[in-house]
Amino acid sequence: MEFLDVAVIGGGPAGLQTARLLAEGGARVAVFEKKQEIGRDVVCTGFVGCEVFSEFGVPAETIGSEFQEAKIVSFSGRSIHYRHPVPFAAVVDRQRFDGILAGLAKKAGAEIETGTTVRDVAVSRDGLTIEAIRDGRPVRRRARLAVLATGIDRRLHAKLGLIPPKRTVHGAQVEIQEEGIAIPTIYVGPPTAPGGFAWSVPSGKGRFRVGLITDKHPQKVFEGFIARHYPRLDLNGAVRRLEFKPISQGMAKTTVGNRALAVGEAAGQVKTTTGGGIYYGLWGAGQASEVILDALKKDSLGSASLSPYERRWKAGLRREISVGFYARKLYSWMSEGQFETLFALAQSDGIIPLIQREGHFDWQSGVILSLFRKAAVAEIFKGLSRKTALLDRLLN
Ligand SMILES: Cc1cc2nc3c(=O)[nH]c(=O)nc-3n(C[C@H](O)[C@H](O)[C@H](O)COP(=O)(O)OP(=O)(O)OC[C@H]3O[C@@H](n4cnc5c(N)ncnc54)[C@H](O)[C@@H]3O)c2cc1C
């Protein structure tokens, strides 16, 4: 049986980019994706920082629209019109985006096996055996190493000695046909989506995606949000129905094992503030492929040889993931009154210039900490011991 260097399980952005980089580095790679078509029916808004295109070699043809402005609306209906000094984000269609990544991986020499569900992986002394199902028939492949890029699906982690992130939040999204919504709108404030926030983002051709993340029951929260902000919206007429999907929160405990590592959402490479995982997944793919190529060259594929990957990506993202996590916790504990005070402050107290100056779509910890260091913001949390203790932990 032909031996692959690397079997990538999961053909989302993280798995495809890892396969592309490994193939470009000369490795023999195959991606196993259970969907019949890459990127089909992904529950995702596709809102990404503009740097995704320049940093990771993703062609700009995947961009639907770019945005320099956004509207932020509080629960009570107050709003801020935010304008960034330069375009800061873009919306992509995930089927097209993932399809183009798959094309690049293929062009570099990777095989893409769609409609192939990996059911089991057995690790032995000289390699791995991948047991999959395609068109109802068993498929078996051998590889020297496996990359787990299965997103939120955690069924194979234990088999490979990997420990996925413990926590999740709930995501919900619908796509609607309606003209007139020109800029992304973010709906904030504790009652809007407890523990999270909601959004509407124009997705091209007179369509927009309305979604939210929350700690609570997502359907109830979504219905409440629609009733309040889009009372005339007919969800039955959606171009894409209301769908729900959990999102990983926090770093995975163990992302390397013997002949295996996890990348992307399977490793917890997801922003804890917004639930966005495309950028960190592509970034993680870069870290993983460097370490794997080196390990393949040395023919040393045990967890000790792969551990630089875990050290490197955690060193790169730990601060982002933990600051985002604690900031969202603090946000979720705020009363509506406290939040409205904060919102009023944002309208008047130099918070917007601070975001314009220091804000970065994907590396947010700097601006979050600067915000909490502002005396007027810290004042809002004062007197609430549980919250100030957490704030201290954040700042020190
Ligand atoms: C409502 C919602 C909105 C979102 N909006 C955004 C956004 O605007 N911007 C952003 O950056 N992120 C967003 N995200 C998060 C983003 O979608 C994910 O973080 C991202 O897709 C993770 O990429 P990935 O490659 O790690 O995993 P995925 O994209 O989930 O890919 C994993 C792939 O593995 C396949 N798979 C799983 N198990 C197997 C198996 N056993 N065998 C074969 N194949 C398998 C799956 O079919 C899937 O295609 C959103 C999430 C939700 C729920």
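Student: Into which domains is the chain divided?

Tutor: In this predicted model, the chain is divided into domain 1 (3-65 + 92-166 + 250-317), domain 2 (68-90 + 168-248) and domain 3 (321-395).

Student: How many residues of domain 1 are in contact with residues of domain 3?

Tutor: Here 9 residues of domain 1 are in contact with 8 residues of domain 3. On the side of domain 1 that touches domain 3, the residues divide into 3 nonpolar, 4 polar and 2 charged. The centres of domain 1 and domain 3, taken over C-alpha atoms, are separated by 34 Å.

Student: Is H1 mostly covered or mostly exposed?

Tutor: H1 is mostly covered, for 11 of its 12 residues are buried. The buried residues include Pro13, Leu16, Arg20 and Ala23. Their cover includes strand E1 (3-9), strand E2 (29-32), helix H3 (94-107), strand E11 (137-148) and helix H5 (278-298).

Student: How many residues surround the ligand, and which are the closest?

Tutor: The ligand is surrounded by 40 residues, and the closest are Gly10, Gly12, Gly151, Gly264 and Gly277. Domain 1 and domain 2 each contribute at least three residues to the shell.

Student: Which residues touch the most other members of the largest nonpolar core?

Tutor: That core has 96 residues, and Val6, Ala7, Ala146 and Leu148 touch the most other members. H5 gives the most to this core, with 11 residues. The core also draws at least three residues from each of domain 1 and domain 2. Apart from this core lies another, of 6 residues, among them Phe339, Phe343, Ala346 and Ile351.

Student: What does Leu148 touch, not counting residues up to four places away in sequence?

Tutor: Leu148 touches residues including Ile9, Gly10, Leu156, Leu160 and Ala262. Gly10 is also one of the residues closest to the ligand.

Notes: Residues are numbered from 1 along each chain as its sequence is written. This is a predicted model: local features need pLDDT of at least 70, side-chain atom pairs count only at pLDDT 80 or more; totals for chains, interfaces and linings use all residues. A residue is buried if 20 or more other C-beta atoms lie within 10 Å of its own, exposed if 12 or fewer, and partly exposed in between; C-beta atoms are placed from the backbone. Helices (H or I, at least four residues) and strands (E, at least two) are DSSP runs, numbered from the N terminus. Two residues are in contact if their C-beta atoms, placed from the backbone, lie within 7 Å. A residue is near a molecule or strand if its C-beta atom, placed from the backbone, lies within 6 Å of it. Domain bounds come from an automatic or database domain assignment. Ala, Val, Leu, Ile, Met, Phe, Trp, Tyr, Cys and Pro count as nonpolar, Asp, Glu, Lys and Arg as charged, and the others, Gly among them, as polar. A nonpolar core is a set of buried Ala, Val, Leu, Ile, Met, Phe, Trp, Tyr and Cys residues joined through C-beta atoms within 7 Å.
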